[in-house]
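Please find below a short note for a colleague who has not seen this structure before. The points can be read in order, with the structure open alongside.

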Amino acid sequence: MTAGTIKHVAVHDLLAQQIERMSPGDRLPTEAQLCKQLNVSRITVRRAMADLEQEGLIVREQGRGTFASRPALPQVFRETLSEHVTGFHRQQTELGHSVTSTVVSNEVVFDIRKAELLRLAPSQPLVRLERLRYVNQQLHQHVVTWLDAVTFGDVAQHDFTDASLFDYLRSAHDILLTRNDLTIRIVQASDETANLLNVPNGTCLLGMDSTVFAGDRLVAYGITTHAPGFGEIEISLQANPSVSERD
């Protein structure tokens, strides 16, 4: 074992490497055998085994022994981008998932840069809606959306814990979203985002800038940062039948 390494951590790492080469269901040596093989105490072996069990790498069955396992893969909730503007909330609920949000803030602000992106005057007030979005109670993404407060000021008064912003705009303002321009990139988590997503500052995450239109009218601008483990987006491209094929 490496000098300075806590014994049970070293035992854990050694056993984890061995388990990677085993098939699920293969039996591990007994605690007594491991103590003898590794020249460590039973307490050290038990601490290492407890960590391996918590990680899903082993299964311990009373009276039978300890067996290699595999940790359950996290469920993936892909966001699909296609020619239809449906929104993440509707996509996931139509697939049978539960989508909820923690509203971090929902207020009227002044932001010259965001007003420019929305093609508004620099002095125009904006609604800034910030949410943590969950799918089946798993934290999926951090989303901040800006809208024109003169037109959509009521958005700042609405509860979006269980509601879709796109659906609200359709029902309250008769807004039918027809286009979503997206920029997908890798971003480093800022102090605020890292704290909200519970990751170290500077962690590389999948980010997405979204500019949403209703016809030629620019409705909203948003920034989405995906939590680790959910940085996967499925893109569907469809040929325009009105354009003749070219060799």
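Predicted model: local features only at pLDDT ≥ 70, side-chain atom pairs only at ≥ 80, totals over all residues.

1. Six strands form an open sheet in the order β4-β5-β6-β9-β8-β7, and their pairing is antiparallel. At the edges are β4 (99-109) and β7 (179-188), each of which pairs on one side only. From one strand to the next the twist averages 15 degrees.

2. β5 and β6 are joined over 10 bridges, in the antiparallel sense. Within this region L129 stands opposite T145 in β6.

3. The helix on the sheet. Helix α7 packs on the sheet and touches β5, β6, β8 and β9. The direction of α7 makes about 35 degrees with that of β6.

4. The buried face of α7. This helix spans residues 165-173, and its buried residues are L165, F166, Y168 and L169. Viewed down the axis of α7, these buried residues fall within an arc of 160 degrees, so they line one face of the helix. They pack against β5 (126-135), β6 (138-148), β8 (204-214) and β9 (217-226), and also against the helix α6 (149-152).

5. The ends of α7. After the helix comes D174, which has a positive phi, near 55 degrees.

6. Aromatic pairs. How many aromatic pairs does the structure hold? There are two. One of them involves F160 and Y168: the ring centres are 5.7 Å apart and the planes stand at 85 degrees, so the pair is edge-to-face. F160 is buried, with a relative accessible area of 0%. Y168, a residue of α7, has 14% relative accessibility and therefore also counts as buried, the limit being under 20%.

7. A threonine in another helix. T193 belongs to helix α8 (residues 191-197). Is T193 buried or exposed? At 10% relative accessibility, T193 counts as buried. The side chain of T193 makes a polar contact of 3.2 Å with that of S190. Setting aside neighbours within four places in sequence, T193 is in contact with H142 and T225.

Conventions
Residues numbered from 1 in each chain as written. Heavy atoms only, no water. Buried < 20%, exposed > 50% of the residue type's maximum accessible area, 1.4 Å probe, protein only. Helix = DSSP H or I, 4+ residues; strand = E, 2+ residues; numbered from the N terminus. Arc of directions from axis to C-beta. Contact = heavy atoms within 4.5 Å. Pairing = 2+ DSSP bridges. Axes fitted to C-alpha atoms, helices over the stretch in contact; angles between N-to-C directions. Polar contact = N/O pair within 3.5 Å; in protein donor to acceptor, adjacent residues only side chain to side chain. Phe/Tyr/Trp six-rings, centres within 6.5 Å; stacked < 30°, edge-to-face > 60°.
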